[in-house]
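User: I'm new to this one and would like a close look at a single part of it. Could you take me through the packing inside and then one spot in detail?

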Amino acid sequence: MKNKVLLLMLGILLLPIISSINITECNQQNIININQSGNYELQNDFSCALGIEVSNIELNCNGYTIDGSFSNGGQGIIVYGGYLINYSNINIKNCILKNWNPWNPGLSAGIWLQHLTNGVIENITIIDNNIGLVLDTTTNITIKNSKISNNYDGILFLEKDNYYNEFNYLNNNYFNNNDLNLIWSPYTGDIYKNSFNNFNNSLIGNYWAKPDGTGFSQTCEDLDINGICDSPYIINENNTDYLPIKDIIFPSINILTEERNYSYNENVLLNISTEDNYGIKNIWYDIRNETFNYTSPIILNLSRNQTHTIKVFAK
């Protein structure tokens, strides 16, 4: 389990925007093509696809949703590579993609990357699609800090004609999909002999769940309670997550002690309630720079006539 920590971060980030797009309605083809390098930002939700057909793109969705509910298109975001066309340096962040599951489900996905080298997919939520993300002949793509959940399949590694997905990096992602979190679909050959990808960095891997609660991260042991499974998750013979995440949910802590002004030298009943999906192993509290274990409600005598701060922790 993890200690419950409250962090307050304030900051201002100013970035020059070379180009920007503000989609208010889709065209008749239900796709907006980006064919000029630059930085792009979404300014609203919309329900048509984005097609990228150029290198050197920064796409920031600013938390807006690309929704396929009313579109006949197959992909929310697609990079149009091909056998003789290879793109590079495309970064996509802060997007929500959902409902890309039209009448031809085999071709539908939240994001589809074709023949792409060097790119980052970061802070993306991909939910309720046929396939969450398709890697179609990619190299050196980093996928991190993202949620790929409630799709039929999570990520499809699509490989054909001796073109493979190699040396991609996936870490700190949440996977929980209806069929498979990862699927390989070679047209020819045995991709396990050719496809190597990295499913963790030096600190953390990914969270592997299943809707029925039997996912690797949901069932693995974490005896040292560091939030990382004690054993690696072997995906296939060439791909392993060596640092799979065990617990990504902070425990719930409620202080049930009556909140009011207490009289000088009055006894105070410290009553704490905690809850966690995987159980609570230890509760403690700090008061006046001293630390005490908590096992049951306890009487505190706060004899000093001052404001007392009590910090409660659980793991």
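Analyst: Before we start, a word on touching: two residues are in contact when heavy atoms of theirs lie within 4.5 Å. Keep in mind, too, that this is a predicted model. Its pLDDT averages 81 over the protein, and 79% of the residues score at least 70. Two stretches need some care. Residues 1-19 have a pLDDT below 50, with 29 contacts in the model beyond near neighbours in sequence. Residues 188-194 also fall below 50, and that stretch has 15 such contacts.

Now for the inside. The largest nonpolar core is made of 43 residues, and Ile-77 and Ile-155 are the ones with the most contacts inside it. So what does Ile-77 touch, leaving out residues up to four places away in sequence? Its partners include Leu-50, Ile-52, Leu-59 and Ile-66. Further along the chain, Ile-92, Cys-95, Leu-97, Gly-110, Ile-111 and Trp-112 are on the list as well. There's also a second, separate core, this one of 10 residues, with Leu-270, Tyr-285, Val-312 and Ala-314 among them.

That brings us to the spot I'd pick, Ile-298, which sits in strand E25, residues 298-301. Setting aside neighbours within four places in sequence, Ile-298 is in contact with Val-268, Leu-269, Leu-270 and Tyr-285. Two of those names, Leu-270 and Tyr-285, belong to the second core. Is Ile-298 buried or partly exposed? Partly exposed, because its relative accessible area is 32%, and buried would mean under 20%. Finally, Ile-298 and Asn-271 are 27 residues apart along the chain, yet their C-alpha atoms are separated by 6.9 Å.

Terms used
Residues are numbered from 1 along each chain as its sequence is written. This is a predicted model: local features need pLDDT of at least 70, side-chain atom pairs count only at pLDDT 80 or more; totals for chains, interfaces and linings use all residues. Side-chain values use heavy atoms; hydrogens and water are left out. pLDDT is the predictor's confidence in each residue, from 0 to 100. A nonpolar core is a set of buried Ala, Val, Leu, Ile, Met, Phe, Trp, Tyr and Cys residues joined through side-chain atoms within 4.5 Å. Buried means under 20% relative accessible area, exposed over 50%, partly exposed in between (1.4 Å probe, protein chains only). Helices (H or I, at least four residues) and strands (E, at least two) are DSSP runs, numbered from the N terminus.
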